[in-house]
Each structure stands twice: as C-alpha cells, then as structure tokens.
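Q: Can we go through this model feature by feature? Please start with a single residue pair in a sheet.

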Amino acid sequence: MIPEGVPRKEFLAALARSTILSQCSPQDLAKLLPFFRERRLKPGEALCRAGDLADDMWLVLRGTLRVMRADRSSQEVSDGLVGEESALGMGRYLTDIVAADDVTVAAFDKDMTPRVLRNQSPRTQAFGRSLVRLFAPPTDAEPAEAADDDRITPAAAVWRLAGWLTAIAAPLLLLRLFEGGSLRWEQQQLAAVLASAALLWIFGAVAPYVAGLLVIMVCVTLGIAPTTVVLSGFASNGFFLALSILCLGTVLIESGVINRIFLLLMKRCYTSTLRQDFAAMFAGFALTPIVPSRMERARALAPLALESTQTLGFAPGSRDSTRLLISAFMGVTLFAPMFLTGGAMNLMLYGSLPEQVQDATPGLSWMGDALVAALVLVAAYLATHRLLFRRSEASIGARHTIEVQLDVLGPIRATEWLAVGGVVLYAIAVATVSAHKVDHRLLALAVVCGYLVLGILGKHELNLHIDWSTLILLGTLIGLVATVVSVDLHIVIADRLAWLSDTMEFRPRIFIALLAACVMISGLWVPRAGALIGLIVVPLAMVNGMNPWVVIFTILLMSDAWLLPAQSNIYRTFRDMARSIGPFDERLFLTFNAVMTAARIVALAASVVYWESLRIL
Amino acid sequence: VTNGPVDAAVTLDEPFEQRAILDANRVAATLEATPEFAGWPHHDLARFVPYVWERRLPAGTVLCRRGEPADRAFCMVEGSVRCSIDGRTVSSGFVGHEAALEVPAYLADVVAATDVAVLVVTRDVLREFGITLGGETLFHSLLAHHATAAPASAAAAPGAEADDDDAHPRTTAIGWVLTLAVPALILAFGEGFGLSWRQRDFTAALSICLLMMSFNLTPQYAAALIAGLICLLLDVAPASVILSGFASDGFFMGLGIFGLGAVLTASGLAERVVFNLLRLSPKSPFWYNLTFLMTGIFMTPCLPSANTRVALLTPLVIETSRALGFRDRSREATRLMLSMFVGASLFAPIFLTAKSLNFVIHSQLPTQVHDEFQWLKWTISASVAGLVMLGLYLLAAGLTFRRGEAPRLSRSHLETQLRVLGPIRPIEWIALIITAAFILAIVTYSLHKINPSWITLGVLSVFLVLGTLNEKDIRHSFQWDVLLLVGFFIGLENTLDYTGITAILTEYLSGVTAYMQTNFLAFLAVLGLITALLRLFLPITTAGVLVASVFLPLAAVSGVNAWVVGFSIMMLAETWFLPAQCSYFQTMEDISGERPVHDRALFLRLNAITMAIRLIGLLASIPFFRSIGLL
C-alpha cells in the first residue's frame with residue numbers, strides 16, 4: 001500500500017516524475033499502487049548488491065541513490081525507477097545501488113510490473129538485454145527462467161491413447177451390435193459417431209470443441225442428417241446470443257470500468273469485514289450475467305481482490321486475505337447457473353432447446369425459477385463465513401491508498417461511460433421484454449451493433465478477445481442436439497432406457513438426484529462433463545415430458561461443484577495469482593469450498609420443492 | 001591487441017557485389033547459436049540472411065566508435081572484440097547493437113582484440129525484423145544508469161506511427177445522412193412501388209448495409225451484421241434463413257481454409273519452396289520472376305485470401321530483390337514484385353478456394369450448378385482464362401522488361417538460408433502431406449462426391465487433432481471478421497430470395513436477361529459497366545456479392561449457366577486501377593513500408609496492363625464455354 005508517511009501529492013508527483021511509469025494507463029497504475037512497499041535507507045546503506053536475485057523494482061520517492069557502474073564511475077538517481085533488471089527478467093541485479101543520503105523508495109514485486117512496460121516482443125527483449133549486459137556485465141550466473149513445460153506426462157499420454165483406442169473400437173463394436181436390429185441406418189451411424197466423440201472427450205484425447213467438430217464433419221460427410229440441421233447451431237439465435245454477450249463482456253472488461261467500480265465499492269465498504277466481502281462478492285455477482293466466461297470474470301476480478309488484500313493491509317496467506325479471495329471467487333462462480341447468460345454452458349444447453357421453449361424462457365423467468373437455489377447458496381455462504389471468519393484483522397490505511405488510486409484513474413472516460421451505458425441499456429431492454437416484445441436473444445446483438453458503429457468494438461477485439469473455440473463447441477452442440485432429435489435417436493434411447501424414462505416421468509425427484517450425482521462424479525475427471533451429459537439428457541427430457549429447463553439447471557448447478565483443485569481452473573487462477581505475491585492458505589479455501597459444494601446439494605433439494613410448487617416439475 | 005586501432009568505417013561500406021558470406025556452414029551455425037536469435041523460427045532466421053554479410057577484420061580494427069552514428073550492428077562469428085567500458089572481451093553474440101534501442105550513437109568503443117569475422121547488420125534491417133524499441137522503456141532506463149552517455153530517447157519506431165487518419169468528415173456526414181434518409185424513404189414509399197412489407201423492410205436494411213460500406217462508416221462485417229440484425233428484429237424472414245450463411249458449406253470451407261493457411265504460414269514451407277526454386281532456377285531475371293509468379297499461383301488455391309497470400313510473399317520478394325542486388329524502385333525490383341502480386345491475385349477466379357468471394361458466389365449458385373461446379377470442374381472450366389492470362393502476362397512482361405539489370409544472386413547467401421532451414425521439420429511434413437491430401441481429395445471429387453467444404457473441415461479437424469493448430473491459433477490466425485461477413489452475406493442473399501425481391505429484379509431486368517441469352521458479349525459489357533461503377537465505392541467482395549445476388553438468379557431464370565455468370569462477375573469485380581480500390585495492394589504497400597523495392601507509378605501502370613489481360617482472358621474463355629456446352 002502507499003506509504004502513510006508520504007503525502008498524497010508528493011506520491012503522485014513522484015509517480016509523474018518517472019518517465020517510465022507515466023507511460024502506463026491510469027488503470028494499470030491504479031492496480032499497481034496497493035502493491036507498493038515502503039523502504040527507508042540510511043546514507044551508505046545498500047538497496048541492492050550486484051548479483052542479488054532481482055525480485056523488486058523501486059520508485060525513488062525521497063533522497064538520492066548512487067548506482068555504481070562497471071567502469072567504476074557512478075550515477076546519482078533522485079527520481080524515477082531503479083532495479084529495472086527485475087521487471088526485464090534479467091534474474092540478478094547488475095550493480096550495487098546505495099543510498100547517498102536519507103532515502104525513501106516504494107518497492108514493488110517484478111510480477112506486479114504493468115504489462116505495458118514488459119510488452120516488448122521477445123526479439124527486442126533479447127537484443128535489449130544483450131545490449132545492457134554489454135555495459136553492465138552480470139557478476140554471477142543468472143537463474144534460469146522457468147520454461148513453460150507443455151509436455152504431457154506418460155500417464156496422461158497412456159490415458160489419451162486409451163481414449164483413441166476406445167474411440168476407434170467403440171463405434172465398430174456398436175455398429176456390429178446394431179446389425180440386424182431395428183435401428184435405422186442414420187440412427188446407427190449417429191450413435192456410433194457420438195459414442196466415439198464422447199470417448200475422445202471423456203479421455204481428454206482432444207479438446208471438447210474438436211470432438212464436436214469431428215462429429216459434425218462425419219455427420220455432414222455421411223449425410224446422417226441434412227446439413228441445415230447438423231450445422232443449425234451456427235445459424236441459431238442461441239449462437240448469436242452467446243457471441244453478443246461475449247462481445248458485451250469484452251467491451252466492459254477492456255474499458256477498465258470494472259476497476260473503477262470495484263474501487264468505489266471498496267471505498268465504501270473497507271471498514272468492516274462483512275462489507276469488504278460483500279463488495280468482493282457483489283462485483284462477481286454483477287459481472288455474472290454480462291461476462292459469461294467464468295475465466296474472464298476471474299481474470300478481471302482476481303487481481304482486483306488481490307489488490308484489495310494489499311490495500312487493506314492483509315498479509316499474504318492470512319485468514320483475512322483468504323477470506324477476501326474466497327468472497328471474490330464465490331461472486332465469480334456461485335451465481336453462474338442463476339442467469340441465462342451466466343456461463344458458456346448455460347448458453348450451450350439453452351441453445352439446444354427447441355425455439356418455442358427458448359422463447360418461453362426469457363432471462364427473467366430463468367432468474368425467477370432459480371431464485372430459491374440462489375437464496376440457499378447465499379445463506380450457506382453467510383453461515384460459513386460467520387463460522388470460519390469470526391475474528392478478523394482491522395484494516396489500516398486503506399482509504400489513503402484507494403483515494404490515490406481513484407486520483408490516478410482520473411475522470412471517467414468516454415469508453416467507460418459507453419460500456420456501462422450499453423450494459424444498462426441491455427439490462428433495461430431485457431427487463432422490459434414484455435412491453436416491447438422484441439426477441440430477448442437479439443437485444444445484446446443490438447447493443448453490440450451500437451458498439452461496432454461507435455468503434456468501441458473492433459476487428460482486433462472480435463478476433464482476439466472472443467472465445468471462438470467455446471463458440472464452436474456451442475454451435476456444434478446445438479446442432480448435434482438438433483441432429484439427435486431429427487433422426488429420432490432420443491426416442492430410441494428413451495425406449496432402450498425405459499427405466500430412465502419411467503424415472504423421469506414418474507419419479508422426477510429420483511431422476512434429479514441421479515442426474516446431480518452423475519454430473520458431480522463425471523466432473524471429477526471429464527472437462528465440461530455437464531455439456532456432454534446435456535447432449536443426451538435434454539432431448540430425453542423433451543421426449544418424456546419433463547421440463548428441460550429443470551434438467552439444464554440441475555446440470556449447471558452441479559457442474560460448478562468441485563472438491564479437488566484439479567477440477568476448477570478458476571480456483572487455480574485465483575490460487576496462482578495469490579501465490580505470485582506470497583503464501584496462500586489452500587486448506588482454508590478448500591474447506592470453505594467443500595461446505596459450499598454441500599450447500600449446492602441442499603440448494604438443489606430446496607429448488608425441487610420450489611419447482612414442484614410452481615408446477616414446473 | 002597487436003597493432004594500433006585501424007579505422008574500419010570506410011572499409012565496412014563495401015559495394016554490394018562484395019557483400020558475401022564466406023562460409024555458409026559456419027555462419028548458419030553462428031546464427032543458430034547466437035543468443036539474441038534464440039526462439040526465432042528457422043524460416044524467419046533464414047529470411048534474415050540476405051540482409052547480412054560477413055567481414056573478416058584484422059586485430060585492432062575499430063568496429064564502433066563512441067559518439068558516432070550507430071548505424072550497424074555486428075554479430076560475432078570468430079575471434080573477439082574489446083569493449084571500452086571495462087576492457088572486457090566479447091566473442092559471441094552482438095556488439096554495437098545500440099540501434100536495437102533506437103540509440104542514435106554508439107555508447108562505447110568496440111575494437112577487434114584478435115582477427116575477427118563478423119556479420120554486419122544495418123539499423124534498417126533490425127527495424128524491418130521488428131527489433132527496435134523507440135521512446136522510453138525500462139531498457140532505456142536501465143541503460144541510462146550504466147552507460148556514461150545516457151542514451152538519447154529516440155522517436156518511436158517507424159511502423160508504430162499514428163493512424164493515417166484519412167477520414168473525410170464531410171463524406172462521412174453525407175454517408176450518415178444518406179444511411180438514415182434512404183431507408184426512411186424506402187420505408188415511407190416502398191409500398192407505393194408495389195413492395196410487400198417484407199420486401200420493403202429488407203430493402204431498407206440492405207440499403208443501410210450498402211451505404212455504410214460505400215461510405216466506409218463501419219467495417220464491412222459490422223455493416224453486414226447490422227443489416228442481419230435489422231432483418232431479424234423486423235422479422236422479414238425466419239432466423240434460420242437470415243443466419244443460414246453460418247450453416248452453409250461456404251462458411252465452413254472458409255473456416256477450414258483459414259486453418260490450412262495458418263499452418264502453411266507457420267510451417268515455413270513457403271520459404272523453403274521459394275529458396276529451393278531460386279537455387280534450382282537458372283540465373284536469369286525470367287526464371288526468378290517465374291519462380292514468384294508460380295509460387296503465387298500455387299498458393300492461390302491453398303490460401304483463401306489474396307491479402308494473406310500477398311502478405312506472406314511480399315517480405316520474401318523484398319528480401320530476394322535485395323539479395324539479387326536490384327536497386328530499390330528499379331525496374332527489375334518492380335517486376336519481381338509484380339510477378340509475385342500477379343501470381344497471388346490474378347488467378348483467384350480460376351480456383352474455387354482462392355477467395356471468400358468465390359465461396360460466396362459458389363454458395364449462391366443454384367443447387368444443381370453448385371454441386372456440378374466443385375473444385376475440379378470449376379478449375380477446368382476456368383482454365384482457358386487462366387492459361388490465356390498467364391501467357392499474355394509472360395509476353396507482356398517479356399516485352400516490357402527486355403533490357404533489365406542482371407541479377408547478382410549471392411549463392412553463398414542462398415546456401416546459408418538453406419542451411420539455416422535445415423532438414424524438413426515435422427510441422428512442414430504435416431503441412432505438406434495434408435495439403436497434398438487436400439488437393440488430391442478435391443481433385444478426385446467426381447470419385448468420392450464428398451463436398452470439398454467437408455474435406456476442408458476435415459483438414460482443419462486433422463490439424464486440431466494433431467495439435468498443429470490450437471485454441472490460440474484459432475484466435476490469432478483466423479479472420480473471424482471475414483467469416484462473419486461471409487456468413488451474413490450468404491444469409492442476406494438467401495433472404496433476398498425468401499422475400500421475393502429476386503423475382504422482382506428478374507422482371508425489371510428482363511431486358512438484360514434477353515441480352516444474356518442472345519448476345520452474351522453485350523451482357524458482359526453491361527455487367528462490366530455496373531461492376532466498375534460499384535467498384536468505385538465498394539470493395540471487391542461486397543461489389544461482387546451484390547452483383548452476383550442480382551444476376552445469378554437472373555441467369556437461372558434465363559437458362560444461362562449461372563457459373564459462367566458468376567465467373568464473369570469474379571473476373572470483373574477483381575478489376576482495379578486506383579490503389580484505394582484494392583486491399584491487397586494496400587497490404588503490399590504497408591508491408592513494404594517506407595523503403596519499398598517497387599516503383600509505385602510503374603507498378604500501377606503495369607497493373608493496368610494486367611487488368612486488360614484479365615478482360616482478354618474472360619473474352620477468350622467465351623468460345624471455350626461454348627465448346628463445352630456452358631453457353
């Protein structure tokens with residue numbers, strides 16, 4: 001956080017004197033401020049020695065430092081940065097830096113360096129480093145940079161190979177079994193292809209969207225169903241709803257307005273633990289219906305939560321630091337099933353419903369039907385919070401840092417106004433669907449068109465910031481459900497699995513329990529298992545007269561339940577970010593999460609009773 | 001150091017003919033081991049080679065003198081040099097590369113401590129390969145602490161210059177006024193012209209799209225998306241019709257071809273082919289030009305975007321032109337660039353998979369013609385035009401460039417490039433095998449009858465399964481904006497049909513239809529006139545699609561082969577004379593930057609000749625079309 005002893009104006013002036021930091025955007029600078037650590041030096045005291053591991057960079061606030069050169073001359077530095085070796089990835093400091101008089105510096109970790117300062121191409125970096133080393137030769141061997149190891153382990157390779165073998169054997173076996181049976185040719189082929197792709201997906205031999213592409217390729221090549229049906233997912237309103245919401249989220253995140261709103265929330269809420277947690281959780285909650293990608297939400301909010309732990313003076317790994325991170329994590333993930341646009345899988349499964357069912361399930365009705373589950377989860381969160389975090393540290397100095405951050409951000413920019421304006425407009429349009437009767441799936445696209453006309457959303461954002469692989473998966477899944485229905489494979493499955501159909505029709509509670517268990521268990525090792533299960537179960541629900549939304553909601557609610565860190569890449573994102581600045585209390589986090597996983601089961605049970613009262617089950 | 005310093009400033013400026021690589025093997029090994037080049041793809045490093053030359057310098061030679069302009073850097077090949085900072089010797093990597101940080105003058109003296117061999121690299125070359133850091137960066141800040149003379153902060157690197165703001169406010173304002181007024185007028189008076197509400201609303205939506213595109217108010221894909229949204233909101237047709245483009249084979253072929261293009265670009269196969277062709281071709285301007293012409297033609301069916309082809313080949317032409325010793329903007333250098341440009345663009349209508357416009361027009365063909373004119377039949381039917389254009393271009397180029405400079409290709413540079421490339425790498429094998437299989441599958445369509453779109457999708461799937469392409473490539477190498485444009489255009493064309501506007505147009509243009517049947521040449525003249533007028537305002541794809549959406553249904557009605565009409569439209573839509581009319585010419589100029597090798601005026605004059613050749617090619621095809629029963 002910003003040194004208490006340095007007045008706001010003096011600190012801002014020191015920032016402005018740094019020609020390097022002044023190149024950062026206000027958003028980047030505001031994010032950096034909480035990570036500053038004050039350090040005071042007496043005359044002659046060394047800030048660093050040549051050969052020390054280069055972890056920190058320093059902004060000179062007061063006094064003069066002396067940088068010793070290789071040719072035995074020295075340079076005096078009384079403003080700007082020193083210790084640039086750390087951010088440039090050079091491993092060790094190249095020289096001694098000592099205080100010439102009483103010196104105050106603000107230190108920050110190399111990992112916190114704003115990206116724009118490290119944004120040079122690797123080629124230029126290599127030449128830049130080499131030139132610097134020519135003038136300041138390293139005194140010690142530099143620590144090797146951690147290389148990204150993309151190699152898969154032997155066990156994973158064997159697992160994938162098993163996936164390929166079963167994916168080849170299963171369709172052959174199925175086709176042999178179907179020989180002479182009552183299944184039509186296209187039903188046999190589709191069942192075989194689906195089984196093969198599902199095995200590739202389950203074994204992780206290929207990414208889910210590649211498995212989807214393979215299936216549609218085989219379907220159109222063999223002529224299992226008309227191409228207009230197989231590819232219908234790409235020409236559906238559901239596909240464009242997903243594309244539009246992803247665009248909307250991109251504009252919101254890129255505008256930087258989330259950072260400002262989060263700071264304003266924290267400024268009001270920093271005084272008590274419950275308020276702090278409310279702010280962290282509310283930010284995630286508010287983003288959920290607008291930014292459908294959980295990962296994007298996590299990438300936007302995890303750094304802000306981490307930044308707040310520093311602003312509030314919580315030590316890394318402390319209970320309070322973990323508490324705030326948990327709240328942000330819960331905000332990002334807990335409410336995803338409650339909104340139609342809360343996640344990519346929501347849009348996938350929703351898009352696979354027949355047009356009439358989609359029309360009959362606007363966003364508001366979705367939220368209304370999910371209300372009980374949301375309330376149960378919030379209650380569980382509050383209860384767990386009270387139980388685990390009764391005693392908390394008082395935060396100190398937060399207001400000072402937040403105010404400087406807001407000063408640095410400056411007045412609200414036009415892009416921020418437009419980003420928020422678009423979202424508000426969208427929210428109003430969705431809320432008043434019954435008045436204007438415009439298809440709710442087209443409203444987001446209309447806002448996106450506005451952004452395109454105003455130039456806020458461009459080719460660059462469209463190509464690079466939209467998760468096209470998820471959209472491909474979405475298009476293929478919607479098309480495959482249509483194909484399954486088109487060749488009546490769902491009816492065949494319903495006939496063959498009569499017990500399941502009976503359970504769906506006459507004992508819906510048991511079916512919901514079975515489905516929830518199935519989603520939870522398969523989620524232990526299959527990525528996006530819910531989508532795969534939905535591919536079969538949603539058409540079955542349609543055949544058996546069960547409300548498909550109930551099936552979808554159950555899948556979504558339980559898909560987010562996890563126990564092992566390997567199951568949740570969102571958790572790993574939070575964890576890795578937290579570990580980048582210090583220790584992290586994984587046990588506490590996982591305990592809290594385990595309780596919330598149990599709460600999901602309770603929420604589902606309560607929802608079943610609620611749905612029965614609404615007669616949608 | 002045995003002798004006193006020897007000033008090398010003059011001797012390093014040797015004439016081009018003497019710039020050579022003395023030992024290709026050693027230089028290739030040095031480049032691969034130089035730490036500054038770590039992580040460079042081999043084909044990029046090979047492209048770097050023509051710009052450098054090797055020098056042997058005796059001990060005591062001053063390579064860099066502090067304060068003098070830092071206009072070249074030195075890569076150590078053999079021996080060692082001494083830096084004046086601390087008297088340390090350096091025997092590997094670069095020295096004198098202050099240019100990398102845009103520092104104007106050398107910050108230290110560098111003197112050969114022993115006899116040395118170095119590669120000389122000029123500041124411009126570092127810039128062209130993206131090794132430059134303008135402004136104030138952390139590197140400058142750090143260097144300033146260590147260098148006695150603080151590095152002056154130079155201006156930002158060229159290439160990062162401010163956007164060329166060529167928007168004309170008045171034109172834009174007129175565009176917006178028309179975009180609001182024209183659809184309003186259509187909505188107000190459309191029914192008076194006998195249009196149903198669907199037709200009226202659709203015409204209004206289409207007019208918005210076209211006006212936005214004509215006046216450059218939004219990017220093309222945005223205009224198409226807005227038109228699509230308006231159609232959806234006004235319910236002029238079911239969503240399944242308006243969005244049908246995204247479920248069409250044209251869209252998926254585009255998707256697959258982008259995948260193929262991404263792999264071909266990343267593999268370095270193109271570089272290897274060009275280097276080998278240059279090595280094998282006789283040492284004459286004709287053969288070097290033919291190499292680039294044929295490379296462009298070979299790439300045309302494999303990469304579905306003229307922009308991508310030109311973008312991939314332009315740097316290779318620039319490097320080769322300089323390696324051949326052609327002066328920048330000389331006739332020979334211009335010829336080389338033109339050969340590449342013609343190869344990469346002129347033959348686009350000959351191959352189904354050459355451009356997004358081709359996919360769209362193919363999708364618009366009546367079902368029977370669509371199925372009949374797959375890749376092979378398309379190419380065969382267009383082959384006469386292709387051969388005539390090829391022959392005439394070679395003739396015209398031969399006549400225009402009778403007396404040119406003799407090329408001075410440095411064989412040693414070429415040898416070094418091939419050494420740096422090394423043996424064929426797995427990714428090149430994959431690219432090569434899959435491309436060959438792809439072409440084979442497409443050529444043998446008549447045997448297996450699998451729609452080439454699904455073959456292309458299969459190619460994409462194979463790349464994804466093998467991991468040659470991944471999620472990152474899908475974002476970075478696929479032009480989703482182009483795919484959105486293709487999808488919406490096909491959808492709008494289907495909507496045009498659904499609303500019955502096609503039938504109305506057919507009726508209105510019955511005069512032209514009569515020409516189509518009775519006098520095809522007169523029809524072509526009318527078509528050419530309309531296309532040329534539209535091309536004054538609209539880009540190639542937009543104008544082509546628009547003309548096709550009107551005339552292809554007419555062709556179907558009047559019994560003229562729709563493919564012939566579509567092919568004619570493609571040939572005519574690709575015609576351009578002004579630089580602003582052609583996006584891939586702009587791409588070429590952008591890549592050439594401030595130091596183009598071609599002479600712009602000469603290039604444009606020669607381009608006008610190739611446009612005439614294009615028209616002759618089209619006219620020459622008519623008897624062929626008649627002979628095979630297409631007319």
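A: B:Glu54 stands opposite B:Leu119 in strand S9(B). The pairing comes from a predicted model, where local features need pLDDT of at least 70, side-chain atom pairs count only at pLDDT 80 or more, and totals for chains, interfaces and linings use all residues. Residues are numbered from 1 along each chain as written, chains are lettered from A and ligands numbered from 1 in written order, and side-chain values use heavy atoms, without hydrogens and water.

Q: What joins S2(B) to strand S9 of chain B, and in which sense do they run?

A: Strands of a sheet pair through backbone hydrogen bonds, either parallel or antiparallel. Here, five bridges join S2(B) to S9(B), residues 116-122, and the two run antiparallel. Strands are DSSP runs of E, at least two residues; helices are runs of H or I, at least four; both are numbered from the N terminus. Two strands pair if DSSP finds at least two bridges between them. B:Arg55 has B:Val118 as its bridge partner in S9(B).

Q: Which strand pairs with S9(B) over six bridges?

A: Strand S4 of chain B, residues 72-78, does so, in the antiparallel sense. One residue pair to look at is B:Cys75 with B:Leu119 of S9(B). B:Leu119 is also the residue opposite B:Glu54.

Q: What is the strand order of the open sheet?

A: The order is S2-S9-S4-S7 in chain B, four strands with antiparallel pairing. S2 (53-57) and S7 (94-95) stand at the edges; each has a single partner strand, so one side of each lacks a neighbour in the sheet.

Q: How many residues of S9(B) are buried?

A: Buried means under 20% relative accessible area, exposed over 50%, partly exposed in between, with a 1.4 Å probe and protein chains only. Six of the seven residues of S9(B) are buried, so the strand is largely enclosed by the rest of the structure.

Q: How many helices and strands does chain A have?

A: Chain A has 30 helices and eight strands. Its radius of gyration is 28 Å, close to the 25 Å of the globule rule for 617 residues, so chain A is as compact as a globular protein of that length. The radius is taken over C-alpha atoms, and the rule is 2.2 Å times the number of residues to the power 0.38. Of the 617 residues of chain A, 57% count as buried.
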